[in-house]
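Please read the points below alongside the sequence and the structure.

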Amino acid sequence: VTESEYDALGNVVASHRYSRQSAQWVLDEDVETVATAALEEQGTKLIKLSHALEGWNASAVCAQKIQGEGAIEFTGPHGYGRVMVGLNAGANTTGSSRNRDIDFGIYLNGSGYHIIEQGEYADTGLDPLQHDAGNRYRIEVDGEKVHYYVSVDGGSFEKLNYTSTVSDANAEYLVDATFEQIGSAISDIEIDNSIVTTRYVYDN
């Protein structure tokens, strides 16, 4: 995946090439970055199983990490289901409070979604955001800021009207997902965790 930056004359001044990988979820309860047995991978989907209890008690992290710059993309639930997905600096990777340990993320609550920081709404005061089945989301960190995007009906990503500030430009993040309701699921999770930047200089 390649993104380009342009100057006022329309010239490309930089290109950023991301190395894209499918998420590799850690689902072993004996591993430090743990997901409970309430979750299962089904093809490209990560889903909370029917034998699990309701509540924020089913979480998973990816084996891949993002340091400094990178992004995660995922498709939201088809139907009602409360899920939080985002970047976790790794202070806590186990336990029932995991929904509050996502530093920068998106909370899907069935009919709508919010941007969250440390598990709390960060976009208070903004117009409500509507979640539709098939919406695809992107959370991108550039070392200084975290940007949030949504793609509706397979269209281009549109940047949301909220940006988070990163306190540590070299922070290493786990990709974290936590689920409240039985049957909640996300799918087609992809990670951009390696970036090559090329800058261009034009003669006047």
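The numbered points below take up the basis of the model, its strands, its cores and its charged pairs.

1. Basis of the note. The model is a predicted one, in which local features need pLDDT of at least 70 and side-chain atom pairs count only at pLDDT 80 or more, while totals for chains, interfaces and linings use all residues. Residues are numbered from 1 along each chain as its sequence is written, and side-chain values use heavy atoms, with hydrogens and water left out.

2. Confidence. The pLDDT (the predictor's confidence in each residue, from 0 to 100) has a mean of 80 over the protein chain, and 80% of the residues reach 70 or more. Over residues 28–36, however, the pLDDT is below 50; this stretch has 25 contacts in the model beyond near neighbours in sequence. A contact here means heavy atoms within 4.5 Å. Where pLDDT is low, the predicted coordinates should not be read in detail.

3. Overall architecture. The protein chain has 17 strands and zero helices. Both are DSSP runs numbered from the N terminus: helices are H or I runs of at least four residues, and strands are E runs of at least two. Among contacts with a separation of 6 or more, 62% join residues 24 or more positions apart.

4. Surface and burial. The accessible surface of the protein chain comes to about 10200 Å², of which 44% belongs to carbon and sulfur atoms. Areas come from the Shrake-Rupley method with a 1.4 Å probe; for residues, only the protein chains shown count as cover. Of the 204 residues, 48% count as buried, where buried means under 20% relative accessible area, exposed over 50%, and partly exposed in between.

5. Nonpolar cores. A nonpolar core is a set of buried Ala, Val, Leu, Ile, Met, Phe, Trp, Tyr and Cys residues joined through side-chain atoms within 4.5 Å. The largest has 37 residues, and Trp25, Phe74 and Ile186 have the most contacts inside it. Apart from it lies another core, of five residues, including Trp56 and Ile116. Arg136 and Glu73 meet in one of them (3.4 Å, N to O). Arg136 lies in strand S13 (residues 136–142) and Glu73 in strand S7 (residues 69–75), so this pair ties together parts that are 63 residues apart in sequence. Glu73 also meets Arg138 in a salt bridge (2.7 Å, N to O). Since Arg138 lies in strand S13 and Glu73 in strand S7, the pair ties together parts 65 residues apart in sequence. Both Glu73 and Arg138 are buried.

6. Glu190 forms a salt bridge with Arg136, with the closest N and O atoms 3.3 Å apart. This pair links strand S17 (residues 185–199), which holds Glu190, to strand S13, which holds Arg136, 54 residues apart. Glu190 is partly exposed, at a relative accessible area of 24%, whereas Arg136 is buried, at 15%. A network of salt bridges links Glu73, Arg136, Arg138, Glu140, Glu190 and Asp192.

7. Tyr149. Which residues does Tyr149 contact, leaving aside its neighbours within four places in sequence? They are Arg136, Tyr137, Arg138, Glu140, Phe157, Glu158, Lys159 and Leu160. Tyr149 is placed in strand S14 (residues 145–151) and is buried, with a relative accessible area of 16%.

Methods
Buried < 20%, exposed > 50% of the residue type's maximum accessible area, 1.4 Å probe, protein only. Salt bridge = Lys/Arg side-chain N within 4 Å of Asp/Glu carboxyl O.
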